[in-house]
Amino acid sequence: GWKVSMKSGSLSYILPCNRLPVQLMSQVRVYTSNGQKKDLGSQDTNGSARGETLHKVETGQDTTNAGQKQSSPKQPIQVKVKPVLKKREYGPKYTQNNFITGVRAINEFCLKSSDLDQLRKIKRRSPHDDTETFTVYLRSDVEAKSLEVWGSPEALARERKRRKEAEIKYRENLFRNQRLLWEYKEFFGNTKPRSSTAAMFFKGPGKVVMVAICINGLNFFFKLLAWVYTGSASMFSEAIHSLADTCNQALLALGISQSARTPDPSHPYGFTNMRYIASLISGVGIFMMGAGLSWYHGIIGLLHPHPVESLLWAYCILAGSLVSEGATLLVAINEIRRSARAKGLSFYQYVVQSRDPSTNVVLLEDAAAVLSVAVAATCMGLTSLTGNPYYDSVGSLGVGTLLGTVSAFLIYTNTEALLGRSIEPEQLQRLTEFLENDPVVRAIHDVKATDMGMSKVRFKAEVDFDGRVVTRSYLEKQDIEQLLQEIQQVKTLEELEAFMLKHGENIVDTLGAEVDRLEKDLKQRNPDVRHVDLEIL
């Protein structure tokens, strides 16, 4: 059925059937963007015989009808061109519309505060909770000012390098510049007063730790004298136990003082975890010094037993130690009960969750001390009654086992806290429901709430905002009549672009204000939540 071949210009058309009706346009019109019309059918002047007509195709129809179709007037082609806004190419790096703060302008572009006075000041919504707005500058203005001040980018780069070297040198000599550092801190002003380190040790966990240090230090001294006088293995274990407790609690005091340090650029979330680190090291110290030496001395006593001298003074010292350790234990128990009641937790939950690691260490150490005093007194009594020194060595092994159990619990709980565990499911559910009940929120996804320690929670969620509610919130603050007049005045593409850019930026600012409102309300309703990261889907 490939019977007929036609050519138009340089193109060949092959029709597969001799019975197929075909109608071909003899002219093609092309419209360009400038409105000019091109006639492709008349381009080939040399092939006029081919351009005027196409070869006729035998279709089996009447030739008169074909002639009528060819003689019919041609309909003009109408093309409707839609206006399209020209797309802007910003390139891989575009910072002309970026805002930077005055501190960044001074530090990064080596300017003075007097240089910024000559630049345009723009009020923007503040990211800080204590202020509503703050002043920023256009990055392009700051860059131009820095080039005006320094003359060239090379001179600016040299000044940056010089200041960087001076900063490194200053950090190396930081301990010799403490006075200058304090003057630099006072320069900022309007900062929250930091509680003195000494005041921290007169209340709360600091008070418990200081009381434990004093009592365990005295116990170590008297137990050491009793061991030297009697040679008892159990008394040696008790002396080592008191020494380990004293050292560990001194380490806890250091952790408490370091945890109160103000956050800095290197540690933006502060030093709260220093308490957990100190408690973890304390647990390792109890295991190494307390349990290890007690086991060692007990095994040596079993392998090489020797008679024990008079135990009268040892009993007296153990009795005094029992009273003092019991008093410290009561102080720790009362502090944990008070803190657990404030958090709405039971005593057991507060201890297991390691809400206050410093007080937990004191509690467990003193509880172990009271039990170990009872174990040591029992074994020493059996030795004095039977004359068999093996009971005394077994008592040393029992004290070591007790200390090993306490150290294992401390290592486990503090490691879990440092790894960043999630908050309780009930509390997480309350936070989720609070966000979902807000009209501006459609849904939340990928919720993460991490316990950062010391009753500080970091909350993160992906939030799907309702754009209609956000836009309505923006319109409620506008003059609708004036807005309608602005819409009616829009006649050209340029006016439409300016109108959309103006109100589009304002709507984005409204969305940011809604995010700030949600974060603020979330912190107010849940004081444990200190850091909130709401990401917009």
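Colleague: Is Asp466 buried, partly exposed or exposed, and what is its relative accessibility?

Modeller: Buried means under 20% relative accessible area, exposed means over 50%, and partly exposed is in between, with a 1.4 Å probe and protein chains only. At 10% relative accessibility, Asp466 counts as buried. This is a predicted model, in which local features need pLDDT of at least 70, side-chain atom pairs count only at pLDDT 80 or more, and totals for chains, interfaces and linings use all residues. Residues are numbered from 1 along each chain as its sequence is written, and side-chain values use heavy atoms, with hydrogens and water left out.

Colleague: Which residue meets Asp466 in a salt bridge?

Modeller: A salt bridge is a side-chain nitrogen of Lys or Arg within 4 Å of a carboxyl oxygen of Asp or Glu. Here the partner of Asp466 is Arg442, at 3.2 Å from N to O. Asp466 lies in the loop between strand S9 (457–465) and helix H17 (467–475), and Arg442 in strand S8, so the bridge ties together parts that are 24 residues apart in sequence. Helices (H or I, at least four residues) and strands (E, at least two) are DSSP runs, numbered from the N terminus. Arg442 counts as partly exposed, at 48% relative accessibility.

Colleague: How many salt bridges does the count come to?

Modeller: The count comes to 19 salt bridges. One of them joins Asp438 and Arg517, with the closest N and O atoms 3.0 Å apart. That pair links distant parts of the chain, 79 residues apart: Asp438 is in the loop between helix H16 (425–436) and S8, and Arg517 is in helix H19 (residues 493–525). Asp438 is buried, with a relative accessible area of 12%, whereas Arg517 is partly exposed at 30%.

Colleague: Which residues are linked with Asp438 and Arg517 in a network of salt bridges?

Modeller: Glu514 and Asp521 are linked with them in that network.

Colleague: Where is Cys110 found, and what is its phi near?

Modeller: Cys110 is in the loop between helix H3 (102–109) and helix H4 (113–116). Its phi is near 55°, a positive value in a residue other than glycine. Cys110 is buried, with a relative accessible area of 3%.

Colleague: How is a pair of aromatic rings described?

Modeller: The description uses the distance of the centres and the angle of the planes. Rings of Phe, Tyr and Trp (its six-membered ring) pair if their centres lie within 6.5 Å; planes under 30 degrees apart count as stacked, over 60 as edge-to-face and the rest as tilted. By this rule there are three aromatic pairs. Among them, Trp227 and Phe236 have ring centres 4.9 Å apart and planes at 50°, so the pair is tilted. Trp227 is partly exposed at 25% relative accessible area, while Phe236 is buried at 16%. Phe287 and Trp295 have ring centres 6.1 Å apart and planes at 85°, so that pair is edge-to-face. Phe287 is partly exposed, with a relative accessible area of 36%, and Trp295 counts as partly exposed at 29%.

Colleague: Which ring face does Arg261 lie over, and at what distance?

Modeller: A charge sits over a ring if NZ of Lys or CZ of Arg is within 6 Å of the ring centre and within 35 degrees of the ring normal. Arg261 lies over the face of Phe271, at 4.0 Å from the ring centre. Arg160 lies over the face of Phe109, at 5.3 Å from the ring centre.

Colleague: What span should helix H14 have, and how far apart are its end C-alpha atoms?

Modeller: The expected span of a helix is 1.5 Å times one less than its number of residues. Helix H14 (residues 357–386) has 30 residues and should span 44 Å; its end C-alpha atoms are 43 Å apart, which agrees. Just after H14, Gly387 takes a positive phi of about 75°.
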